[in-house]
Each structure stands twice: as C-alpha cells, then as structure tokens.
Amino acid sequence: MNIGKELNYQWQVNVLGRSALRLNRILMARKAGKGQLGKSRLLTPPLNTSIWTKELIGQHYLRGRYANSHGKVAWVTSGAPIEFLKALDFYLLYPENHGALCGAARAAEGLSIEAEKAGYSRDICSYARTDIGAMLSGKTPVGRLPKPDLLLACTNICQTVLHWYRVLAHHFQVPLILIDTPFIYTEMTDHAVAFVKAQLEEAIIVAEKVAGKPLDPRRFKEVTRLSMLASELWLELLRRNRHRPAPISVFDQFTQMAPIVEMRGEASTVDLYAAMLKEVDQRIEQGIGVVPEERLRLLWDNLPVWYRLRYLAEFLGAHGAVIVASTYTNAWAELGPQMDPEHPMESMARTYMYPILNRGTGEKLATMRQMIQDYHLDGAILHSDRSCKPYSVGQMDQRDRLMRQDDLPALLLEADHNDPRSYSEEQVANRLTAFMEMLEAA
Ligand code: SF4
C-alpha cells in the first residue's frame, strides 16, 4: 500500500468529504423543517430520510473518486451477484446506476452523443451509450469515476451487457467475469442452479486473484445477510403503499432505490431503509398521502423516465393520480426471499437467476395482476422504453390482456429511460390527459 495515497484517501473521503456531506445534510434538514424541500403545490414534500439517501449516494461516489488509491475496484451490472466481491472489499461501481444519475442530472444526452461520435448506434441501450460516452470523454456529473481492476457482467437482465462489458474489458484491459444465467421459462431447475453455482465458484477464484487475498467465508455470509435484510426492508416499504392514501409514490421509490441496487450488502443501507420504513409508518398513522386527495391509483411498468420524474409526478398529481406500484422497484424486493446467508453460494445462484427480466413475460403479467389486487389499482401505465427491449417486449400483449381479461384501463407510453431525444413531451401530455379523462369518467 502506498502510504501517501492512502493518507490522501482518508483525508479526502473520511475527513473533508464526509464533513461536507454531513453539513449538506444538516442544511437540507433545516430546509425540510421550514417546508422548503422539494416544494410543490401538488405533492406532499419528500421523506425526511430522502436527505440521508442523498448523503449515502454522495459518499458512495466520493469513495469511488479516490477508490483506485485505496483498494481494488470492480464495475458490475445492476443484477450481478456481488456479495463475494463485497466480501473481498472491492469498491463496486454500477455503470447503470451511474447512467441513471446522468439521466436525472440531464447529462445523459451529451454523453450518449460522445458514444455515437465514436460509432456506437443510437439503437443501443441509452445506459450503455451514456457510460461508454463517460468512459471515452472522462466527463461525469460525479467528478471522476474509478478505473476498474475487474469487470463482472451477469446476463440475467439482458444480452446488451455482454457486448457492453466486452467493450469495457477491451478499453481498460482488465479481466471480465461473465455469469450466464439460464432463462427461467416456467421454473428454476436444480440443474440451472448447479450451472450458475459452478460459474460462481470459478468467478471467486478470479476475484481472489485480483483482490490478492482469499474470500473469508464468515464475511461472505455477513454480506449476504445484509443484502437480504435490505431487500426485505425494501419489500416492506413497497408494501406500505397498499394503504390508502399511499404514503410514497413510485417516483419517490425510483429515487430511493439507488442504495438497494448499488449498496447491497452494506449495513448503512439496512439502517437507512429501517429509518425510512419508520417514517413511512408515521405518514400512514397521520393519514398523509402523496397528493392531498388521492383519487386514482396506478401501476408503472418498466424503467423510469429519469429526466422527467418530477414533471410526470406533478402531471398525475394534478389529477389526484398516484403511481403506487411498479414492476421495476419490485424487482429488487423480490430477491430477498431467495437469499439465505447460511448457504451464500447456492443462495447467490438462485437469487440472481430470479430477476424479472430473466423470467418469462407471463411471470411479469402475473406480477402485475397480483398488484391489481394488492394495491387496489385503477389503471396501468406501461412505459414502452425504446432502449430496454427485454423489458418492453410483450407489453402490447400485456396491455391488451390487462384491459380485456382484468378490466383494467392500461396505457402504453413511448419514451426512453435516459435519452430525451426519444421522448416527446407534447405526445406524452396528450396521451396522459386522454388517459386521465377516461379514468376520471370511469
Ligand atoms: S437494455 Fe435494459 S436491462 Fe439491459 S442495460 Fe439497458 S436498461 Fe438495463
């Protein structure tokens, strides 16, 4: 270890950075106390714990900025089995989360253009283009991204990551671990679990080599336990929206879900969600809802439109409509019951074969149908995401079935999660207005 570099890391991250982020948290809490945080005529102010989320995300990217001088870094896909890497003390960067952050910060378009200038087609997922653009240009709203020592891609979300991570491996000249998860058409077979487990065993050998130390089995179990606890708390948080009025909207969940994705396996994520659940329960006790008068309860399918979250929340809020459930935020809540800290290898194999995109489209329809019952839904908005083909495939059929067989009004809304060039505000507003009028008349 280089002592000078390590001292600089401790100073920048744990002294200066932490103090600045803490101060920011205090200032934001003061603002919240005066009712000045996220002020909106149409929506209830954000949760006080959202300030804590912001601080955790800030700390995460701050550590990333200096991570190369402190230890080993791995770049991983959002649904990758990360527990063994965390137990080996890798700093984990999630390019998709970074992409979402760029989308929300309105930086994704410029970064995508950087990638397109280098020859990457606009038909490629906008997360991939955003991050390849950041990699090529060195630009990012978080200041600086650490270089990876290792890459881990799991095919449980899509095949795009397979090609994207090959580009990264070629660019950074580092090893790439690929975990191939068999698609679940009907049920998870023992053979498929054994196949993934065998890949994980090989992956651990590679990761140990890069980390320069062996995996501690006790730490591995502990990280798995923390991942499981965070996922269970997240599930409880989402379930609280079965109440009327719903205490948090799915737009809130979109911004609060970063820790369950990029900080799984950390104690601070568990503490955050425990505190958030408490605050949400207080809202329920006090009868506080997302909008002053909740009239319509809706479902959202697919990724968010990161650059128009607030616009969409207020647009719907003006009609007394709240999105109370989403297949996307639910995807991380579904993983908890698959995790077993006593058998972390087997549990990782099962857990990471289970994401919604690794199961048949009929499973997603079944999830939406269950949500209609559990969340007392009046309608559904299916975001047809130009970028995310695996999530959008089958949506037309799903919408038709929801309408015909479940008698649920459903709207297909075309946009792109990160690229505003594939989004028309006028078209979205027209379609939403017509949908709201239809629901209100019903
Ligand atoms: S195509 Fe979809 S699942 Fe794949 S990286 Fe893009 S957003 Fe994620």
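Hi everyone, let's start with the sheet: four strands form an open sheet in the order β6-β5-β7-β8, with parallel pairing. Two strands count as paired if DSSP finds at least two bridges between them, and helices (H or I, at least four residues) and strands (E, at least two) are DSSP runs numbered from the N terminus. This is a predicted model, where local features need pLDDT of at least 70 and side-chain atom pairs count only at pLDDT 80 or more, while totals for chains, interfaces and linings use all residues. Residues are numbered from 1 along each chain as its sequence is written.

Tryptophan 300 sits opposite isoleucine 381 of β7.

What packs on the sheet? Helix α18 (residues 395-405) does, touching β5, β7 and β8, and its direction makes about 160° with that of β8. Contact here means C-beta atoms, placed from the backbone, within 7 Å. Angles run from 0 to 180 degrees between N-to-C directions, using lines fitted to C-alpha atoms, for helices over the stretch in contact. Helix α19 (residues 425-441) lies across β5, β6, β7 and β8, at about 170° to β8.

Finally, the ligand. Of the 13 residues around it, Cys125, Ile157, Cys158, Thr160 and Cys388 come nearest, counting residues whose C-beta atom, placed from the backbone, lies within 6 Å. Helices α7 (160-172) and α17 (389-392) each give two or more residues to that shell. Thanks, all!

How values were computed
Two residues are in contact if their C-beta atoms, placed from the backbone, lie within 7 Å.
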